[in-house]
Amino acid sequence: MIRSLVLAAAAVALSGCALLSSPDPVQLYRFGESGGTTASAVTVATPVQVRLRNVEFPAASRGDRILGTTGQEAAYIAGARWVSPAQQLMSQSIESAFGDQARTVRLIGQRELTPATRVLDIDVRTFEARYDYAGAVPVVTISARARLLRFPERTVVAEEVISVSESAGENRVSAIAQAFDLASREFNTRLVTWTEANAG
């Protein structure tokens with residue numbers, strides 16, 4: 001009887017420890033946030049209406065974990081996550097960049113019902129921090145195929161592969177997150193410029 005009580009007490013104590021233990025802390029990061037105003041930068045009287053399709057992402061990097069690669073090996077960076085899935089943050093950052101930078105194009109987001117004459121299709125192929133070797137300073141790489149389609153015909157007006165690389169400067173999570181931020185901003189600027197050059 002006494003042995004049973006001791007075992008029961010030990011089990012309760014162990015379960016209490018398990019309930020009270022906390023997971024390792026995870027720092028949350030974001031990227032691509034615009035520093036400009038929310039007002040549209042479009043300056044022409046009749047801008048080209050371009051609808052943004054859902055931005056496609058590779059399965060390994062579309063979630064909220066930060067992907068790192070070394071040669072053929074891939075792993076998620078420990079102790080860090082995006083505040084939202086990377087696919088969602090990228091879409092938001094693209095919409096924000098068009099709102100701040102576009103002069104002749106108005107980007108129509110997913111929730112708008114405004115009719116459009118062009119559709120912007122973005123297929124992100126690479127969204128990762130690349131290491132030459134374990135412990136090296138990583139280089140953030142973003143690469144995507146952008147296609148501009150005529151609507152409603154859905155014929156291709158223009159197609160381009162946009163690639164951006166940004167060194168983290170040091171092998172530290174906050175520096176890597178900042179490199180993703182800078183790379184995504186540069187990618188978005190190139191995307192806006194390319195879209196405006198081909199949408200008319």
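Contact here means heavy atoms within 4.5 Å. Leaving aside neighbours within four places in sequence, leucine 120 is in contact with Val50, Arg51, Leu52, Arg53, Phe98, Leu107, Arg147, Leu148, Leu191, Trp194 and Thr195. The model is predicted, so that local features need pLDDT of at least 70 and side-chain atom pairs count only at pLDDT 80 or more, while totals for chains, interfaces and linings use all residues. Residues are numbered from 1 along each chain as its sequence is written, and side-chain values use heavy atoms, with hydrogens and water left out.

Helices (H or I, at least four residues) and strands (E, at least two) are DSSP runs numbered from the N terminus. The protein chain holds 3 helices and 8 strands, and from the N terminus on these elements follow the order α-β-β-β-β-α-β-β-β-β-α. Among the contacts with a separation of 6 or more, 71% are between residues 24 or more positions apart.

Of the 200 residues in the protein chain, 38% are buried, where buried means under 20% relative accessible area, exposed over 50%, and partly exposed in between, with a 1.4 Å probe and protein chains only. A nonpolar core is a set of buried Ala, Val, Leu, Ile, Met, Phe, Trp, Tyr and Cys residues joined through side-chain atoms within 4.5 Å. The largest such core has 46 residues, of which Leu120, Ile122, Phe127 and Leu191 touch the most other members.

Rings of Phe, Tyr and Trp (its six-membered ring) pair if their centres lie within 6.5 Å, and planes under 30 degrees apart count as stacked, over 60 as edge-to-face and the rest as tilted. By this rule there are 6 aromatic pairs. The rings of tryptophan 82 and phenylalanine 180 have centres 5.1 Å apart and planes at 85°, so this pair is edge-to-face. Because tryptophan 82 lies in strand S4 and phenylalanine 180 in helix H3, the pair ties together parts that are 98 residues apart in sequence. Both tryptophan 82 and phenylalanine 180 are buried, and ring pairs link Phe31, Phe57, Trp82, Phe127 and Phe180 into a cluster.

Towards the surface, leucine 28 lies in strand S1 (residues 27-29) and is partly exposed, with a relative accessible area of 47%.
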